[in-house]
Amino acid sequence: MTEYLLILPIFLPLLTAIACLFAYKSSRVQAVLCLVGNVALLAASVALFWEVNTNGILAVQVGGWEAPFGITLVADLLGAIMVLLGGVMGLAVAVYSLADIDHDRQKFGFFPLYNILLMGVCSAFLTGDLFNLYVCFEVMLIASFVLLALGGQLAQIEGALKYFVLNLISSNFFLAGVGIVYGKVGTLNMADLALKLMQQPGLGAPDDQAMAINISAMLFLVAFGIKAAIFPFFFWLPASYHTPPVAVSAIFAALLTKVGVYALIRSFTLFLNYDPHFIQVLLLVIAALTMIVGVLGAAAQFEIRRILSFHIISQIGYMVLGLAIFTPLALAGAILYIVHNILAKTNLFLVGGAVQKVRGSGELNHIGGFYKSYPALSLLFFIPAMALAGVPPLSGFWGKLILVQASWEAGLWSLVAVALGVGLMTLFSMTKIWGEVFWKPQPESGVPGHVAGKTNPPVPGLMYVPIVFLTGLIILYGVFAEPLLDIALRSAEQLLEPDAYIHAVMNSPGTELDRGGAVK
């Protein structure tokens with residue numbers, strides 16, 4: 001029965017979306033259905049993580065077809081962690097959306113689209129097949145594009161078109177890489193692909209083999225890099241993430257770029273490590289430039305969501321750094337950093353949305369005085385902001401510490417300097433928001449239509465619920481960093497030694513692989 005745990009995170013959002021479509025006449029009923037469905041998704045994701053963490057990797061062949069011919073769903077620790085984060089963020093942002101998404105957007109399909117997006121995200125984390133991963137990307141692209149454009153405002157349409165075009169290009173690169181891999185190796189099942197590349201390094205002439213795999217690696221790097229917004233493919237993100245309602249921005253910030261990071265980690269640890277030295281050097285350069293460009297872009301902005309959007313880019317650089325170093329400690333640091341970033345960055349978007357809700361703007365020069373008028377909200381911004389900057393003992397400190405330690409042990413002192421410098425610049429950006437929004441007095445003239453000195457409207461209670469919840473998780477992360485590090489290290493070991501993953505998918509528990517990849 002445990003195999004059903006792999007199906008539920010995909011089936012439940014789909015069922016919720018269908019139920020919301022049938023209730024299209026009532027936004028209230030759709031909201032209730034969405035919350036019930038997201039609670040069920042969270043419960044299923046917790047159960048899946050518990051099972052994988054306790055008993056090991058789960059795999060199921062949908063329809064009864066044996067691998068590599070059927071549709072494979074598989075969850076190792078990394079996949080289960082990502083699905084769990086999807087469940088947590090799905091419910092938190094769904095609660096927030098009840099106070100943020102207006103009636104017109106609800107009427108025109110916000111709730112079904114939101115759950116279709118969650119279905120695509122969970123499918124991407126659980127699929128064991130490259131072509132099905134491509135299908136998951138397309139599901140996410142369609143749902144996210146409509147969510148970006150929903151409402152029809154000019155800025156939204158402009159941002160949505162940039163987002164759609166760049167991600168469509170990404171899909172074409174991905175599909176081209178899939179075609180080369182299938183033409184050369186004859187399979188798209190990721191475990192089977194890894195097994196064949198390990199067992200048969202002489203597929204064709206050695207130079208031909210290396211060229212085909214390296215070309216595919218570059219195509220996948222571009223495709224997944226666009227999804228993850230790494231350098232130099234990042235420019236679509238800050239042009240689009242500040243345009244939709246805050247709930248949409250928050251779920252995008254939480255999950256969409258992390259799907260790209262997950263795909264990079266999965267592919268370059270499982271089957272695209274044919275020429276590890278070349279890939280490592282390239283990823284190290286990309287990681288450094290992504291961190292630097294992102295944080296400099298954030299420092300130049302004066303609108304809350306634009307600042308946070310550039311910081312998404314900067315923080316992705318830390319995750320790619322862990323993959324580039326390619327040691328157990330570095331990959332564990334990347335996984336810890338993914339968890340931290342999803343919690344902190346989503347929470348900051350939600351707090352920024354609350355600021356915009358009561359002041360009518362996210363422009364720093366239009367707002368101020370929040371520390372005096374909204375002390376609780378000020379504290380709820382301060383905690384995730386300091387976590388994002390890596391201030392101990394909050395969540396961001398531990399992931400950054402592990403990555404710096406891994407860089408130092410690998411002799412990458414220049415990357416240590418970059419990581420620490422970017423951390424200081426992140427602190428500068430967070431203190432800039434703090435000083436402008438929370439510390440300085442409220443300006444006498446600011447947002448058109450806002451009367452200075454007018455009684456401050458209350459922040460809707462439904463906005464506080466997920467903000468407080470995520471802030472609590474950030475604090476708990478810092479307190480219980482040691483057991484989380486243990487889980488991350490075990491996940492990193494699974495990635496670097498994929499025997500158990502391959503055995504689970506290929507249904508061959510008696511097979512052992514030696515270090516060279518040959519079957520014993």
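In the predicted model, Lys196 is partly exposed, with a relative accessible area of 23%. The side chain of Lys196 forms a salt bridge with Asp192, with 3.6 Å between the closest N and O atoms. Asp192 is buried, at 7% relative accessible area. The two residues lie four apart in helix α8 (residues 190-199), so about one helical turn separates Lys196 from Asp192.

A salt bridge also joins Arg490 and Asp486, whose closest N and O atoms are 3.6 Å apart. Both belong to helix α20, where a spacing of four residues places about one helical turn between Arg490 and Asp486. Arg490 is partly exposed at 29% relative accessible area, and Asp486 is partly exposed at 42%.

Asp76 and Arg266 form a salt bridge with an N to O distance of 2.8 Å. Asp76 is in the loop between β2 (71-75) and α3, whereas Arg266 is in helix α11 (residues 246-270); the pair therefore ties together parts that are 190 residues apart in sequence. Asp76 is buried, with a relative accessible area of 2%, and Arg266 is buried at 6%. The salt bridges number six in total.

The second largest pocket has a volume of about 430 Å³. Its lining comprises 17 residues, of which Leu84, Val339, Leu343, Tyr477 and Leu484 are the closest to the pocket centre. Helices α3 (77-100), α14 (328-359), α19 (461-479) and α20 (481-496) each contribute at least two lining residues. The lining consists of 17 nonpolar residues, with no polar and no charged ones.

Leu8 lies in helix α1 (residues 4-22) and is partly exposed, at 31% relative accessibility.

Key: Residues numbered from 1 in each chain as written. Predicted model: local features only at pLDDT ≥ 70, side-chain atom pairs only at ≥ 80, totals over all residues. Heavy atoms only, no water. Buried < 20%, exposed > 50% of the residue type's maximum accessible area, 1.4 Å probe, protein only. 1 Å grid on protein atoms, 1.4 Å probe; cavity = no way out; pocket = protein on both sides within 12 Å on 5 of 7 lines; lining within 4 Å. Points joined across faces, edges and corners; volume = space filled by probe spheres on them. Nonpolar A, V, L, I, M, F, W, Y, C, P; charged D, E, K, R; others polar. Salt bridge = Lys/Arg side-chain N within 4 Å of Asp/Glu carboxyl O.
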